[in-house]
Amino acid sequence: QVQLVESGGGLVQPGGSLELSCAVSGSFFSIDSMGWYRQAPGKQRELVARILSSGTTNYADSVKGRFTISRDNAKNTLYLQMNSLKPEDTAVYYCNARLWIGVRINDYWGQGTQVTVSS
């Protein structure tokens with residue numbers, strides 16, 4: 001049973017910082033890629049940032065230069081450092097992992113963590 005457990009959300013003032021973490025546990029062969037998505041009220045879930053097994057990263061234009069995605073392969077943990085936060089960053093943030101299970105790649109999601117940017 002694969003589990004993704006997120007932590008680090010909360011309330012922060014505009015201009016502040018938060019770091020999200022996502023720990024992957026369970027039985028799998030390897031991690032193909034991992035990413036962070038977010039969903040604001042009344043909006044569709046959108047990609048925030050993604051990191052491939054090669055270390056290549058890509059970001060949504062709205063967060064470039066402010067957010068940094070990274071991963072600790074030894075700990076199977078994904079991070080999202082969020083700086084210069086804006087009210088429009090308010091959303092539930094979800095961790096996603098694409099894992100090799102045998103010869104197949106499966107998608108897994110965390111439970112979500114709330115990030116609220118408000119004064």
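**View 1. The largest nonpolar core of this predicted model contains 29 residues.** Among the members of this core, M34, W36, L80, M82 and Y93 touch the most other members. The elements that each give two or more residues to the core are β3 (18-25), β4 (30-39), β5 (46-52), β7 (67-72), β8 (77-82), β9 (91-101) and β11 (113-117). Of these contributions, the largest share comes from β9, which supplies five residues.

**View 2. The surroundings of L80, one of the core residues that touch the most other members, are shown here.** When its neighbours within four places in sequence are left aside, L80 is in contact with L18, E19, L20, W36, V48, A49, F67, T68, I69 and Y93.

**View 3. The rings of Y37 and W109 form the one aromatic pair that the structure holds.** The centres of the two rings are 5.1 Å apart and their planes stand at 65°, and because planes over 60 degrees apart count as edge-to-face, the pair is given that name. The pair links distant parts of the chain, since Y37 belongs to strand β4 while W109 belongs to strand β10 (residues 104-109), and the two residues are 72 residues apart. With a relative accessible area of 13%, Y37 is buried, whereas W109, with a relative accessible area of 38%, is partly exposed.

**View 4. The side chain of R45 lies over the faces of two aromatic residues, Y94 and W109.** Over the face of Y94, R45 is placed at 3.8 Å from the ring centre.

**View 5. Strand β9 pairs with β4, with β10 and with β11.** With β4, the strand β9 pairs in the antiparallel sense over nine bridges, and M34 stands opposite A97 in β9. The pairing of β9 with β10 is also antiparallel and extends over six bridges, and here the bridge partner of A97 in β10 is Y108. Three bridges join β9 to β11, and these two strands run antiparallel, with A91 standing opposite V115 in β11.

**View 6. The hairpin of β9 and β10 has two residues between its strands.** In this hairpin, G102 takes a positive phi near 65°.

Methods:
Residues numbered from 1 in each chain as written. Predicted model: local features only at pLDDT ≥ 70, side-chain atom pairs only at ≥ 80, totals over all residues. Heavy atoms only, no water. Core = buried A, V, L, I, M, F, W, Y, C linked by side-chain atoms within 4.5 Å. Buried < 20%, exposed > 50% of the residue type's maximum accessible area, 1.4 Å probe, protein only. Helix = DSSP H or I, 4+ residues; strand = E, 2+ residues; numbered from the N terminus. Contact = heavy atoms within 4.5 Å. Phe/Tyr/Trp six-rings, centres within 6.5 Å; stacked < 30°, edge-to-face > 60°. Lys NZ or Arg CZ within 6 Å of the ring centre and 35° of its normal. Pairing = 2+ DSSP bridges.
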